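Hi,

Here is the structure I promised to pass on. Have a look at it first, and then read my notes below.

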Amino acid sequence: MTDPVDALFVGALDEFVKRRDALARELKQAGDKDTAAAVKALRKPSTAAWAVNQVARRHPDAVDALITAARAVHDAQAAAVQGRDAGGLRTATDAWRSQIRSLAAEVAKDAGEQYRDDAAGTFEAASTSDEWAAVLKAGRLMTTLSPSGFGLQDMPDPVLTRPAIEDAPREAPARDDAAIDAAIDAARAQVEKLEAALEKATHSLRRAEQRLDQARRAVEEAEAVRDRARVARDEAAAELRRLDA
C-alpha cells in the first residue's frame, strides 16, 4: 500500500506546507481524523534536512554502505578493545568517513556548499543510531542531526514511520590505544576545520578593516575639500568687502 505521507517528502520544499494541508484535509474527509491531525502537525523540514532526504532517496545503496561502514567501525572498536586487530579500527574509520564525505558532497552539489557540514554531521549521527538510520533511509528527516547526540531526544518522529526507541542507550566500551588514536585523529580534523574557519574570518576582518580605512580616508578628503571651500568663501567675502569700501 502506498504511503500518502511519503509524497510530501519529494518535490519542491516550498510546496510542502500546501501539500501537507491538502493531505490532512483529504484524510479528515475520509474519516481518518487521527492521521489527519498527525499530518497537520508535521513541520516543514529545514533546507539542509530536505537536501539530505533527497540525496538519501536518490542514493539508497550509498546510504546502506554508510550504515554498514558505521557498524564496521563499531565492530572494529570492539575488536581493538579486546586486543584483536587494532589496525582495523583506523581502516574502518577511514572508510566510514569517506562515505560521509561523499554523501555530504552530493548535498552540497544540490543545495549549496553552506549545507555540507550540517549534512556531514547528519549522516554521521544517523549512521550510528538504528533509529535515525531508519529515518534517514526513509528520507523523512525534519531537521539535521548532531554527531554529539544533542537534540536527538526532542526530534519529531516522521508520521507513519516511527522506529522503535531503544530502552536505554548503549554504554560506550572502554578505549585502548587504537581507539584513543582514532579520537585524536577526529580531534585534529576538527582543529583543522576550526583553523580554516578562523583563517576565513581573519581574511574577512582584514577586508573589513581595509574598507574602514578607505572610508576614513574618504571622510578626511571630504573634510579637506570642505575646509578649502570655506577658506575660499571667506577670502571672496573679504575681497568683496574691500571692493565695496
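Which are the buried residues of helix 7 (residues 130-138)? They are Glu131, Trp132, Ala133, Val135 and Leu136. Buried here means under 20% relative accessible area, with exposed being over 50% and partly exposed in between, using a 1.4 Å probe and protein chains only. Helices are DSSP runs of H or I with at least four residues, strands are runs of E with at least two, and both are numbered from the N terminus.

Before going on, a word on the model. It is predicted, so to speak of local features we need pLDDT of at least 70, side-chain atom pairs count only at pLDDT 80 or more, and totals for chains, interfaces and linings use all residues. Residues are numbered from 1 along each chain as its sequence is written, and side-chain values use heavy atoms, with hydrogens and water left out.

Back to helix 7. The cover over its buried residues includes helix 3 (47-58), helix 4 (60-81) and helix 6 (116-127). After helix 7 comes glycine 139, which has a positive phi, near 65 degrees.

Helix 3 is worth a stop. Glutamine 54 sits in this helix, and it counts as buried because its relative accessibility is 16%. If you leave aside neighbours within four places in sequence, glutamine 54 is in contact (heavy atoms within 4.5 Å) with Phe9 and Val10.

Phe9 turns up again among the rings. Searching the whole structure gives 2 aromatic pairs. For a pair, the ring centres of Phe, Tyr or Trp (its six-membered ring) must lie within 6.5 Å; planes under 30 degrees apart are stacked, over 60 edge-to-face, and the rest tilted. Phenylalanine 9 and phenylalanine 16 make an edge-to-face pair, 5.8 Å centre to centre with 70 degrees between the planes. Phenylalanine 16 also pairs edge-to-face with tryptophan 50, at 6.1 Å centre to centre and 85 degrees between the planes. Since phenylalanine 16 belongs to helix 1 (residues 16-29) and tryptophan 50 to helix 3, this pair ties together parts that are 34 residues apart in sequence. Both phenylalanine 16 and tryptophan 50 are buried, and phenylalanine 9 is buried too, because its relative accessible area is 0%. Ring pairs link Phe9, Phe16 and Trp50 into a cluster.

Now for the charges. How many salt bridges are there? The count comes to 14, taking a salt bridge as a side-chain nitrogen of Lys or Arg within 4 Å of a carboxyl oxygen of Asp or Glu. One of them joins the side chains of aspartate 6 and arginine 57, at 2.8 Å from N to O. That pair links distant parts of the chain, with aspartate 6 in the segment before helix 1 and arginine 57 in helix 3, 51 residues apart. Aspartate 6 is partly exposed at 27% relative accessibility, and arginine 57 is partly exposed at 24%.

Another salt bridge runs between lysine 40 and aspartate 21, whose closest N and O atoms are 3.0 Å apart. Lysine 40 is in helix 2 (residues 33-40) and aspartate 21 in helix 1, so the pair ties together parts 19 residues apart in sequence. Finally, salt bridges that share partners join Asp6, Arg57 and Arg140 into one network.

Cheers
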